[in-house]
Amino acid sequence: MLLLIAFFSVQSFAQNQNSTSKSSSYFWKNLEFGGAFGLNIGSDFTNIIIAPSAIYPVNDYFSTGVGLQGSFVSSREEYSSAIYGGSLIEIFNPVEAIQISLELEQLRVNRTYSNEGKNNIHDNFWNTGLLLGAGYRSNNVTIGMRYNLLYKKTDFVYNTALTPFIRVYF
């Protein structure tokens, strides 16, 4: 009797492993990767942005995901900043051509700027953004605008609460 119970336990465990590996495989096959990269270099100015992200389509209408962001800005002898952090991304496609998004973004800002030839001023803080966006979607590309619901002029992360975006996922 004990041998019979052990046999069925091993059989059911083996079946659970197969179904888990199938769902795991399904997850990785459907995961979409994208993000942003920006590079602006001049004689006295440098701006580098890297922002990879991944989303998982839950169904034909909803996708959920995460993103990372890092940027470096420098204006020779006047200003420099390093910004890094992450975000949670929710995307809703009510119809194929329209995309609505909500992103919760948490960024660490480290910046230094010149005080008219005196000692440099260092400013380090966390910035939270809640970005509500809408855009036109064609295949895997979306072009639109997003509005930071938590925007404050004193945070100096974005110049304005309204920012354009281009989103591409493969």
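Asn93 is buried in this predicted model, with a relative accessible area of 7%. The cut-off for that word is under 20%. Asn93 belongs to strand E4, which covers residues 79-95.

What does Asn93 touch, leaving aside residues up to four places away in sequence? Its contacts are Asp60, Tyr61, Ile98, Gln99 and Arg137. With one of these, Arg137, there is also a polar contact between the two side chains, at 3.3 Å.

Beyond four places in sequence, Asn148 is in contact with Gly129, Leu130, Leu131, Tyr158 and Ala161. A polar atom of the Asn148 side chain lies 2.9 Å from the backbone nitrogen of Leu150. Leu132 stands 16 residues from Asn148 along the chain, yet their C-alpha atoms are separated by 6.4 Å.

Leu132 and Leu150 bring us to the surface. Both are members of a nonpolar patch that also includes Val95, Ile98, Ile100, Leu102, Met145, Tyr147, Leu149 and Leu162. Together, the residues of this patch have about 820 Å² of accessible area.

Which strand gives the most to the nonpolar patch? That is E5, with three residues. Strand E5 spans 98-113 and strand E7 spans 141-148, and each of them supplies at least two residues of the patch.

Finally, consider Tyr147, a patch member that lies in strand E7.

Methods: Residues are numbered from 1 along each chain as its sequence is written. This is a predicted model: local features need pLDDT of at least 70, side-chain atom pairs count only at pLDDT 80 or more; totals for chains, interfaces and linings use all residues. Side-chain values use heavy atoms; hydrogens and water are left out. Helices (H or I, at least four residues) and strands (E, at least two) are DSSP runs, numbered from the N terminus. Buried means under 20% relative accessible area, exposed over 50%, partly exposed in between (1.4 Å probe, protein chains only). A polar contact is a pair of N or O atoms within 3.5 Å; within protein, one must be able to donate a hydrogen and the other to accept it, and residues adjacent in sequence count only if both atoms are side-chain atoms. Contact means heavy atoms within 4.5 Å. Patches are made of residues with over 30% relative accessible area and no salt bridge: like charges are joined within 9 Å, nonpolar side chains (Val, Leu, Ile, Met, Phe, Trp, Tyr) within 5 Å. Accessible areas come from the Shrake-Rupley method with a 1.4 Å probe; for residues, only the protein chains shown count as cover. A salt bridge is a side-chain nitrogen of Lys or Arg within 4 Å of a carboxyl oxygen of Asp or Glu.
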